[in-house]
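Here are my notes on the model, as numbered points. Please read them with the structure open.

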Amino acid sequence: AVVSTQSGHYGRGAEFEWENKVSVQSNINDMNQYLDHILKCTNMRCLTPKQALEGDCGFLAANLYAKSVFGEDALANISIEKMSDSGALSGHIRIRAKSQGMALSLGDKITHSQKKEAGA
């Protein structure tokens with residue numbers, strides 16, 4: 001079993017030459033629910049400790065990790081904030097991978113899940 005930790009992946013960012021940036025467009029207004037939704041639809045693991053995600057400060061940043069069935073690694077960083085005027089979430093998800101296909105595939109999966117979740 002491979003154990004993944006947040007600190008173990010920080011230095012590996014340079015290995016991932018492909019990046020895909022996805023805008024957050026969701027009708028989910030709770031940041032932790034949104035994070036759970038992304039984890040479920042992408043089959044990624046959250047590397048950020050649960051304790052760091054507790055509380056309600058108006059923003060959330062989390063690091064995610066996945067390994068494909070072909071052995072490709074991917075990292076993602078979710079950075080979102082709750083807009084004080086509308087209560088909607090705003091932000092981005094940055095996906096980094098060694099291959100362009102992996103970065104684009106995860107981005108498409110996230111975009112599609114946001115549309116599906118929004119009823120489109």
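1. Buried here means under 20% relative accessible area, exposed means over 50%, and partly exposed lies in between, with a 1.4 Å probe and protein chains only. Strands (E, at least two residues) and helices (H or I, at least four) are DSSP runs, numbered from the N terminus.

2. A note on conventions. Residues are numbered from 1 along each chain as its sequence is written, and side-chain values use heavy atoms, with hydrogens and water left out. As the model is predicted, local features need pLDDT of at least 70 and side-chain atom pairs count only at pLDDT 80 or more, whereas totals for chains, interfaces and linings use all residues.

3. Strand 5 has antiparallel partners in strand 1 (residues 18-23), through 6 bridges, and in strand 4, through 9 bridges. Two strands are taken to pair if DSSP finds at least two bridges between them. Arg94 of strand 5 is the bridge partner of Lys21, and His92 of strand 5 stands opposite Ser79. The hairpin of strand 4 and strand 5 has 6 residues between the strands, and Gly87 there takes a positive phi near 80°.

4. Which residues touch the most other members of the largest nonpolar core? They are Tyr34, Ile38, Leu64, Ile78, Ile80 and Ile93, in a core of 27 residues. Helix 2 (31-42), strand 3 (59-67), strand 4 (73-82), strand 5 (89-97) and helix 4 (100-117) each supply at least two residues of this core. Its largest share, 6 residues, comes from helix 2. A nonpolar core is a set of buried Ala, Val, Leu, Ile, Met, Phe, Trp, Tyr and Cys residues joined through side-chain atoms within 4.5 Å.

5. Ile38 touches Leu64, Ile78, Ile93, Ile110 and Ser113, leaving out residues up to four places away in sequence. Contact means heavy atoms within 4.5 Å.

6. Helix 2 has 12 residues and spans 17 Å from its first C-alpha to its last, close to the expected 16 Å; the expected span is 1.5 Å times one less than the number of residues. Its buried residues are Met31, Tyr34, Leu35, Ile38, Leu39, Cys41 and Thr42. At the start of helix 2, a side-chain oxygen of Asp30 comes within 3.1 Å of the backbone nitrogen of Asn32. Asn43, with a positive phi near 60°, follows helix 2.

7. The side chain of Thr42 reaches the backbone oxygen of Ile38 at 2.7 Å. Leaving out residues up to four places away in sequence, Thr42 touches Leu106, Lys109 and Ile110.

8. Thr48 sits in the loop between strand 2 (45-46) and helix 3 (50-53). With a relative accessible area of 9%, Thr48 is also buried. A polar atom of the Thr48 side chain lies 2.8 Å from the backbone nitrogen of Asn63.

9. For the protein chain as a whole, there are 4 helices and 5 strands, in the order α-β-α-β-α-β-β-β-α. Of its 120 residues, 39% are buried.

Terms used:
A polar contact is a pair of N or O atoms within 3.5 Å; within protein, one must be able to donate a hydrogen and the other to accept it, and residues adjacent in sequence count only if both atoms are side-chain atoms.
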